[in-house]
Amino acid sequence: MKSEDVEENLSEVKQDYEEEFEPVPITITHGYSRDHRPDLKQFTLKLLTVGEEGIPLFMQLGNGNELDQNAFPKMIKEFQSQWQGEQPEL
């Protein structure tokens with residue numbers, strides 16, 4: 001392969017990657033404060049870990065007023081769609 005072909009292929013891959021993983025802005029807003037600080041704006045950090053050590057597998061940022069019961073199922077679906085490791089036996 002010529003270096004020009006390689007550069008063209010890399011450019012196409014980069015463009016595809018940028019289109020697929022377009023950043024989505026979050027809303028930093030007033031929400032439930034576990035520190036009892038209603039004056040501070042909130043955002044959520046959704047973290048999926050494994051084992052006693054808490055090894056992180058997946059992380060997402062979320063809106064400040066997002067409820068856990070709504071956010072968690074969405075996070076699990078997103079994780080499952082991206083997971084490429086060993087599949088659990090059902």
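Helices (H or I, at least four residues) and strands (E, at least two) are DSSP runs, numbered from the N terminus. This is a predicted model, in which local features need pLDDT of at least 70 and side-chain atom pairs count only at pLDDT 80 or more, while totals for chains, interfaces and linings use all residues. Residues are numbered from 1 along each chain as its sequence is written, and side-chain values use heavy atoms, with hydrogens and water left out.

**Gln 42**

Gln 42 sits in the loop between α1 (3-20) and β1 (44-50). Burial here is set by relative accessible area: under 20% is buried, over 50% is exposed, and partly exposed lies in between (1.4 Å probe, protein chains only). Gln 42 counts as buried because its relative accessible area is 17%. Its side chain reaches the backbone oxygen of Leu 40 at 3.3 Å. Contact means heavy atoms within 4.5 Å. With neighbours within four places in sequence left aside, Gln 42 is in contact with Thr 27, Ile 28, Thr 29, Gly 31, Tyr 32, Ser 33, Arg 37 and Gly 64.

**Leu 57**

Leu 57 belongs to strand β2 (residues 55-62). At a relative accessible area of 38%, Leu 57 is partly exposed. Leaving aside neighbours within four places in sequence, the contacts of Leu 57 are Leu 48, Thr 49, Val 50, Phe 79 and Trp 83.

**Aromatic pairs**

A pair of aromatic rings is described by the distance of the centres and the angle of the planes. Rings of Phe, Tyr and Trp (its six-membered ring) pair if their centres lie within 6.5 Å; planes under 30 degrees apart are stacked, over 60 edge-to-face, and the rest tilted. The whole structure holds 2 aromatic pairs.

| Pair | Centre to centre | Angle between planes | Class |
|---|---|---|---|
| Phe 58 and Phe 79 | 5.7 Å | 65° | edge-to-face |
| Phe 79 and Trp 83 | 5.2 Å | 40° | tilted |

For Phe 79, the relative accessible area is 14%. Trp 83 is partly exposed, at 34% relative accessibility. Ring pairs join Phe 58, Phe 79 and Trp 83 into a cluster.

Note on methods. A polar contact is a pair of N or O atoms within 3.5 Å; within protein, one must be able to donate a hydrogen and the other to accept it, and residues adjacent in sequence count only if both atoms are side-chain atoms.
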